[in-house]
Structure formats: C-alpha cells, structure tokens
Amino acid sequence: MHDDIFPAAEKILTDIENIFKRDKLLKDFEIVPVTVGENKSPVLHAEHTLGLQEWCVRHLYVHVYHKVMNLKRQQRLRREDPSVLSRLLLGGVLLNPDCTTLWNIRREFVVLGRFDPLTELHINAITLSRRPKSAESFVYRRWILKRMTAEPLESATLSSIIEEELQVSLMAADRYANNYHAWNHRMWVMSHIPQAQDKFYDEWTTSEIWVSKHVSEHSGLQYREFLLNQVDQHLEHTDYCLKFQSSLESFLSPLKHSIFNSDFSKHSTVSQRLYQSFVDLLDKKESCSQCPMNCKENNFMLQIGFLAYELLLVTDLIHLYPGHEALWCHRRFVLFCFFSLSKKISCNSTKESDIMDGIPLPKTQKLCVLEIDSDKCFLWWLVMQHEDALIKDCVIKTTEESYQTKLALRHEKWIKSVLICKENLSCRTQSVS
Amino acid sequence: MLQSFNCLITLFFFSLQLRRVFMEEEALINKKLPKELLLRIFSWLDVVSLCRCAQVSKSWNILALDGSNWQRIDLFDFQRDVEGPVIENISRRCGGFLRKLSLKGCQSIADGSMKLFAQLCNNVEDLNLDGCKKISDSTCQALSKHCPKLQRLDLRSCIEITDLSLKVLADGCPALTHINIAWCENVTQNGIEALARGCRKLRSFMCMGCARVNDSAITVLAEHCPNLEVVNLSGCVNITDESVLRLAENCHGLHYLCLSGCTMLSDASLIVLAQQCHLLSTLEVAGCSQFTDAGFQALARSCRLLEKMDLEECILITDTTLMHLGMGCPRLEKLSLSHCELITDEGIRHLGMSPCAAENLTVLELDNCPLITDASLDNLVSCHNLQRIDLYDCQLITHTGIRRLRSNLPNILVHAYFAPATPPPAVGSTRQRVCRCCAIL
C-alpha cells in the first residue's frame with residue numbers, strides 16, 4: 001500500500017546502497033536541509049560524505065518502517081529477497097539508529113551468515129556519525145565485536161579493529177558533548193579486548209589532550225580515572241619511568257622547602273625505602289644506571305609517577321580554566337587514589353588496602369575510616385602540601401564570591417570531612433625559611 | 001476439472017463444519033466416498049492442505065501422504081525450516097511419483113540428502129536448486145546417474161558447481177531442455193561445450209554472470225543445440241559479435257535474448273539478429289554502449305514481434321531509434337531507455353504517435369534522460385495502456401506536467417523523486433469535532 005504513496009523510496013534506498021558499495025572509505029552521513037524536492041536524486045555524495053535531502057526523510061522512513069514491520073508481522077523476513085531487505089535495513093538504521101528492531105533483524109542475519117561483520121561495523125560507524133549518542137548503535141557494535149573476537153583473529157586484523165574502535169569512539173565523543181556512551185564504549189574496548197592493553201600509554205597521552213580541551217566533561221575525565229585504575233597492571237613497563245621524571249620531581253618539590261618532621265623509626269621499611277628513593281631522585285643521585293626513579297626496587301615509584309602527573313595536570317587545568325566542577329571532582333578521585341596508596345605503603349605491603357577492593361564499605365565506615373595518620377606517611381603529607389597550596393592560591397587569586405573560590409572551599413571541606421581531620425592539614429606545614 | 005474443484009470446496013466445507021463426524025471411527029464422508037475418489041480429490045490439494053488433511057484421521061493420513069499426491073512440490077514457502085532430513089523423508093515417501101521439486105532458497109540442503117533424493121526419485125523432471133549454496137558436483141553426479149528423465153534444472157547461485165557437473169549432466173541427462181547456471185562462476189568454456197554436445201534438446205540456456213564463458217563455448221552451444229529459444233548471457237563480458245552471429249545463424253527460434261553488460265558487442269550483432277531471428281520478442285542489451293541507431297533501425301525493420309526491450313545505457317542512440325521502433329514494432333509493451341542521454345521530446349513524440357503506443361505500451365522507463373521535458377508527457381497522453389513511467393532525475397519534468405498526465409491517464413504510476421502529497425492530519429479533524437460538540441452544547 002505504501003509503495004503507491006512514495007514509489008521513489010526504493011530507488012532512493014538503492015542509490016544509498018550503491019554509494020555504500022562504491023565508497024569503502026565513506027565516513028559521514030548527514031541530512032541536508034533542503035525542504036523542497038525537485039525531480040533529482042536526494043542522495044548526495046562528496047568527499048566520502050553521504051547526504052540526504054531533508055524533504056524525503058520522513059516519507060522514506062515511513063516506507064522502510066512499514067515494509068519491515070509488515071514483513072516481520074507476517075514472518076516473511078527470511079523469505080524476502082535479500083537485496084531488497086538489506087537496503088531497507090540500511091536505510092532504516094541510517095535514518096533512525098535508535099530502532100532496536102532494525103538492529104535485531106540485522107543481528108539475526110549476521111548469525112545466519114548473510115551479513116558480513118566488518119561491513120556491519122562500517123555501517124554502524126556511519127550511523128554513529130549522525131547520531132553519536134545512540135546507545136543502540138553502541139550496543140550493536142559491542143555485540144559484533146564480541147562475536148568477532150570470540151574467534152581467533154590475525155593480529156593485523158585485530159589491531160586494525162582496535163584502532164578503528166578507538167577512532168569511532170573519539171569521533172562520537174567529539175561530536176556530542178558529554179557523550180557517556182562513547183567513553184563507555186572505549187572503556188569496554190580497553191577492558192574486553194586483551195590486545196588493546198598495548199595501547200595503554202597511547203590512550204594515556206591522547207586522553208590527556210582531549211581532557212585539556214574539554215574541561216567540563218566528566219565522561220572524558222572518567223575515562224582517565226578508568227585508566228588510572230588500570231595503572232597497576234602496567235607497572236612492569238619500566239620504560240614509562242623516564243616520561244614521569246619531571247612531573248615527579250615537581251611533585252616532590254615541597255620536600256626541598258619543608259621539613260617532614262616525624263620520627264623515622266616509626267615508619268615501615270617500605271615507607272623508609274620510598275623516602276630514600278625520593279631524596280635520591282631530588283639529589284640526582286643515580287642509583288640505577290638507566291632508571292633515575294629506581295623503580296625496579298620500588299614498585300610504587302611508577303604508580304606515584306602516574307598519580308603525580310595527573311595531580312599536576314589537574315592543578316594546571318584548574319588554574320587555566322577556573323570554575324569547572326568536573327575538574328575538582330576528578331581531583332577528588334586522584335586524591336582518593338593517593339590516599340589508598342599511602343595507606344598501603346604505611347601499613348606495609350603485606351596488609352592490603354581494604355578500601356579499593358570494590359567491596360562497598362558499611363555506611364558508618366564510609367566516612368570515618370578514611371583517616372590516615374599523616375605523621376606516619378610522608379607521601380600523604382606531600383599530597384596535602386599540594387592541596388593546601390592550590391586552595392590558598394584559588395582563594396587569593398579570585399574574588400570571594402566567584403565560583404572558583406566556592407569550589408575550592410568546598411574541596412577543602414571535603415578533604416577535612418572525608419579524608420583527614422582538620423588539625424593534620426593545618427599544623428603539618430612548617431616553612432624552612 | 002471444474003467438478004473436482006467443486007468437490008474440493010465442498011470438502012473444505014465439510015472439514016470445517018463437521019469436525020465432530022471425523023472423530024468417529026466410521027465417518028460419513030469415508031462411508032460414502034471410496035478411497036480412490038478421496039485420493040483423486042487429494043491430488044488437487046496443495047502442500048499445506050494435504051498436511052492438514054493428514055492430521056484428520058489415520059485413514060486420511062495414509063491417503064494424504066500417499067506418494068501420488070506429491071508429484072509437484074514447491075518448498076519455497078517453508079524455506080527457513082527445510083533441512084536435509086525433510087528432503088530425505090520426501091524422497092522416501094514420494095519415490096518415483098515425484099516429478100517436480102523446488103528447493104529455491106533452501107540454503108541448508110547439502111549433497112548427502114540430494115544424493116538420496118536422486119537415488120529414490122528416478123522420475124524427477126523439474127528440479128529447482130536456486131540458491132542451495134552447499135550443493136556441489138557430487139549432487140549432479142548422482143542426478144546424472146539416477147535421473148535420466150530430468151528436463152529442467154536450475155542451479156542458479158550454486159557457487160560450488162564446476163565444469164565437472166556439466167560434463168556428467170551431459171552424459172546422464174540427454175533429455176535436458178532447460179538449464180540455468182547463473183552466477184556459477186567456476187564454469188568455463190569446457191563445461192558448456194560438453195553440455196552442448198550431450199544435451200541437444202536444450203531450449204533454454206541461462207548463464208548470467210559466468211564471466212569465463214567465451215565465444216568458442218557459445219559457438220559450440222549454437223551449433224549443437226539448434227532448438228534454443230531462450231538465451232541469457234548477461235554479464236558474460238568476453239562475448240563478442242562472433243557469438244551472436246553463431247546463435248543467430250543456428251537458432252532461428254530464438255525469442256528471448258539477453259546480452260546486458262556484454263560491452264564488446266557492436267552494431268554487427270544487431271544486424272545479424274535482424275537478418276536471422278525474426279521471432280525475437282524480448283531483447284535486453286543494457287550497457288551495450290557501442291550500439292547505434294543503424295543497428296536498431298535494421299532490427300526494427302525485421303523483428304516485428306518485439307515486445308520487451310531494455311536499452312538502458314545504450315548511450316549512442318538518438319530519436320531515430322525511437323522513430324524506427326515506433327514504426328516497426330507494433331507489439332512493443334515495455335521499453336527501457338534509462339540513461340540514453342540523447343533522447344529528446346521529438347523521439348518520445350514519434351513513440352507516442354506510433355501504433356504500439358496506443359495499443360500495447362505498458363511500461364516506459366525514461367529515468368536519467370536529461371533532455372526530456374513536460375512536452376514528452378503530453379505526447380504520451382494517447383497511450384491508454386501505459387501503467388508505469390519512470391522519470392527519475394529528468395530535471396526538466398515538473399509537477400504540473402505529471403499532474404496533467406495523471407489527469408489523462410488516471411491509473412498510471414509515475415516514478416519520480418517528488419515527495420508525495422502529505423495526507424491531511426487525522427488528529428486535527430477529531431479535535432475539531434470535539435470543539436463543534438462543545439459549541440453545540
């Protein structure tokens with residue numbers, strides 16, 4: 001019945017499909033705002049971008065939807081001419097990637113072996129180029145990837161797939177602000193495809209660039225938190241050390257000006273050793289020929305390196321772009337990481353930290369157990385030096401009513417009430433001069 | 001025959017209304033009608049009805065599933081469910097009764113069940129394996145060994161098939177009249193030559209997309225099979241004028257010829273067809289870009305029975321071709337001129353005035369002819385039978401022109417890119433009605 005209303009629909013769908021077949025590098029789909037139709041194909045194709053004139057979108061989608069749903073209702077989907085069906089489904093998902101039924105039919109045909117998974121990934125990427133926040137598209141993408149990685153693949157294919165996934169999620173994140181789905185997808189790829197772990201350091205650097213450009217986006221920062229959580233899996237890569245040397249040095253700079261006055265004898269051996277390596281690093285005493293951070297002896301060095309780098313990055317961003325709450329939230333996460341690490345160090349490595357195991361603490365414990373004796377752990381003392389400096393700086397530099405001051409004060413309050421008691425923060429700083 | 005159908009209808013009536021009666025051991029219908037007659041009635045039923053009847057009672061089950069009722073089976077409607085064991089059961093039940101079996105699109109059918117089929121159903125005449133991609137040469141070997149009566153075989157898209165199949169078919173099935181090996185890309189010259197030498201009764205030969213087919217294969221085919229009527233060589237890119245010459249010389253009965261995509265052909269092919277094949281009714285030459293007006297002029301003069309012509313992308317043809325077709329081919333029903341960019345209103349005017357247009361022309365495809373204007377549509381007003389006209393991308397055509405054509409030919413289907421008129425929103429009218437109610441109250 002609907003054929004009669006808009007006979008050109010099939011022709012337009014064929015045009016779209018032909019472009020997909022011809023242009024393997026197609027990367028974009030857009031709807032062009034042309035409201036008055038002429039007797040001219042509404043399908044446009046230039047510079048690997050597919051365009052569809054707006055006037056036909058509604059009629060086309062109505063045609064596709066009714067046809068597919070009628071076939072589905074009559075259970076004739078598998079009997080329909082595959083070429084007709086494939087162009088209907090292609091048009092359908094392009095125009096409305098949020099329609100689960102269409103994706104499910106595609107799934108069915110992938111299982112039957114009629115659709116090629118690599119082509120599916122391409123089509124899916126193009127639907128994402130117009131609707132970067134479509135959850136259905138991402139779910140389908142993960143489904144395909146799961147199927148593909150279930151079988152052994154050549155390493156070249158696999159690495160190209162990973163490359164493509166990272167690019168697609170970055171494209172989606174760039175095109176739609178606060179695109180939780182895109183970053184979620186990226187996390188999924190990093191954690192579900194084992195070979196993606198090789199990209200860990202690349203991801204660390206690229207996400208830094210992205211985060212510095214999008215300071216208000218928590219989803220991007222959350223991805224960085226995800227990476228930070230994975231750091232302990234990458235401690236054997238000692239080649240990272242050199243990259244963190246300078247940031248570690250500036251992180252340790254308070255040691256030069258202040259005295260950490262507490263009794264060393266009380267410290268655990270791990271803590272003592274760590275302190276010694278910090279001092280060595282500052283004095284440029286090279287204990288091990290290649291690695292200035294002496295990380296082979298001390299596993300914590302690299303972990304501290306990552307955290308220090310992040311802390312300094314957030315400090316810089318907070319100074320550069322005042323008044324963005326997402327940055328402060330991220331800082332809290334970093335502090336929390338530091339906190340559990342210093343707890344680990346001060347309690348000796350034999351006693352594992354009970355906070356970060358993923359097991360939720362009982363509610364009463366949640367707020368009060370998070371205390372740490374900063375007398376005993378100089379690492380935490382160091383971190384507090386930085387926090388103190390930052391908060392002071394923010395309060396002095398900006399006016400009292402400004403949002404930045406408000407955020408800084410709120411941050412101080414959070415530290416006092418959640419992580420540490422008030423006295424520890426204020427009385428531990430003694431200037432040398 | 002009419003009586004039988006009446007019987008059938010009554011039967012259905014009974015089976016619906018008197019369901020209770022069947023439950024009893026000696027139902028009325030079984031008492032009144034002898035088994036032979038019941039069997040006769042069943043022989044008119046389709047697969048679904050037979051299976052339903054088989055569930056009625058034990059005696060009906062035996063009668064309905066009797067092999068004699070299952071001479072012609074088309075499983076296309078059950079495509080997705082058909083697996084190997086189904087074919088094996090059908091083979092066992094029908095045995096020698098089976099004449100015709102269609103397994104179109106049954107992708108899961110494999111060699112094993114087809115071998116059993118060939119052994120049990122020796123009398124099969126018409127076998128359709130279109131799209132059974134798992135089928136390979138060993139099926140054809142079994143067919144050749146056990147089924148000498150095979151007349152029609154459709155192996156379209158059975159991509160595993162090679163020359164070997166055609167050789168064994170040539171040896172074992174001399175009665176073959178129709179064969180379709182479209183998209184079997186492994187088939188070469190050797191296979192086709194062997195087939196032609198063995199099956200001299202061939203009337204229909206389809207090998208779309210078999211790019212390895214060449215002139216010498218077609219030459220042998222034409223020389224050995226003079227009865228050929230239907231030939232489809234579309235997409236056989238290596239074909240030259242030589243093949244068409246041989247076909248035209250030997251097969252005078254040719255009435256369907258498809259040469260689409262054979263880009264090496266020239267006017268010589270059309271001229272030789274015009275001289276030898278006067279019975280030609282369908283000619284498809286899409287993409288044969290070397291054809292010119294001269295070739296079609298010769299063709300139009302002598303092949304007066306032409307009904308369907310596909311001239312898509314014959315980019316050199318002009319209004320002259322249309323003028324000659326209009327004069328020479330009064331039976332023309334379907335004409336495709338897509339992408340013939342030199343066609344103008346003048347050509348369409350000749351076509352519109354010709355006898356074919358007024359009587360027979362039903363489908364006219366003019367998409368991507370940029371010079372066509374509304375004047376062409378006005379010239380087609382006299383074509384009473386015109387049912388569909390394609391005007392995609394003819395940018396000089398306007399809405400008004402189409403509306404004028406529609407007013408003269410109300411049943412015509414116009415294919416153009418124009419958006420359909422949006423139906424008036426139904427929601428608005430109901431709301432209005434409520435308002436009117438309110439007003440009255």
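How many of the 14 residues of α4(A) are buried? Ten of them are, so the helix is largely enclosed by the rest of the structure; a residue counts as buried if 20 or more other C-beta atoms lie within 10 Å of its own, as exposed if 12 or fewer do, and as partly exposed in between, with C-beta atoms placed from the backbone. This is a predicted model, in which local features need pLDDT of at least 70 and side-chain atom pairs count only at pLDDT 80 or more, while totals for chains, interfaces and linings use all residues. Residues are numbered from 1 along each chain as its sequence is written, and chains are lettered from A and ligands numbered from 1 in the order in which they are written.

**Chain A overall**
- Chain A holds 20 helices and three strands; helices (H or I, at least four residues) and strands (E, at least two) are DSSP runs, numbered from the N terminus.
- Of its 433 residues, 33% count as buried.
- Among contacts in chain A with a separation of 6 or more, 66% come from residues 24 or more positions apart; two residues are in contact if their C-beta atoms, placed from the backbone, lie within 7 Å.

**Helix α4(A)**
- Helix α4 of chain A covers residues 82-95, and its end C-alpha atoms are 20 Å apart, in agreement with the 20 Å that its 14 residues should span at 1.5 Å a residue; the expected span is 1.5 Å times one less than the number of residues.
- The buried residues of α4(A) include L85(A), R87(A), L88(A), G91(A), G92(A) and V93(A).
- Their cover includes α2 (8-22), β1 (28-32), α3 (54-73), α5 (100-112) and α6 (117-130) of chain A.

**Helix α7(A) and its packing on α5(A)**
- Helix α7 of chain A runs over residues 135-150; its 16 residues should span 22 Å, and its end C-alpha atoms are 22 Å apart, which agrees.
- Buried in α7(A) are E136(A), S137(A), F138(A), Y140(A), R141(A) and L145(A), and the buried residues of this helix pack against α5, α6 and α9 (180-192) of chain A.
- The axes of α5(A) and α7(A) are 10 Å apart and meet at an angle of about 10°; axes are lines fitted to C-alpha atoms, for helices over the stretch in contact, and angles run from 0 to 180 degrees between N-to-C directions.
- That angle makes α5(A) roughly parallel to α7(A), a label for angles under 35 degrees.
- T100(A), W103(A), R107(A) and V110(A) of α5(A) meet E136(A), Y140(A), W143(A) and I144(A) of α7(A).
- By class, the residues of this contact are five nonpolar, one polar and two charged; Ala, Val, Leu, Ile, Met, Phe, Trp, Tyr, Cys and Pro count as nonpolar, Asp, Glu, Lys and Arg as charged, and the others, Gly among them, as polar.

**Contact between chains A and B**
- The contact takes 16 residues from chain A and 15 residues from chain B.
- On the side of chain A that touches chain B, α2 and α3 of chain A are the elements that give two or more residues, and α3(A) gives the most, with three residues.
- That side of chain A divides into seven nonpolar, four polar and five charged residues.

- Most residues other than glycine have a negative phi.
- H48(A), which is not a glycine, has a positive phi of about 60°; H48(A) sits in the loop between β2 (43-46) and β3 (49-53) of chain A and is exposed, with 12 other C-beta atoms within 10 Å.
- D393(B) has a positive phi near 65°; D393(B) lies in the loop between β13 (388-390) and α20 (399-408) of chain B and is buried, with 21 other C-beta atoms within 10 Å.

Definitions and conventions
Angles under 35 degrees count as roughly parallel, over 145 as roughly antiparallel, 65 to 115 as roughly perpendicular and the rest as oblique.
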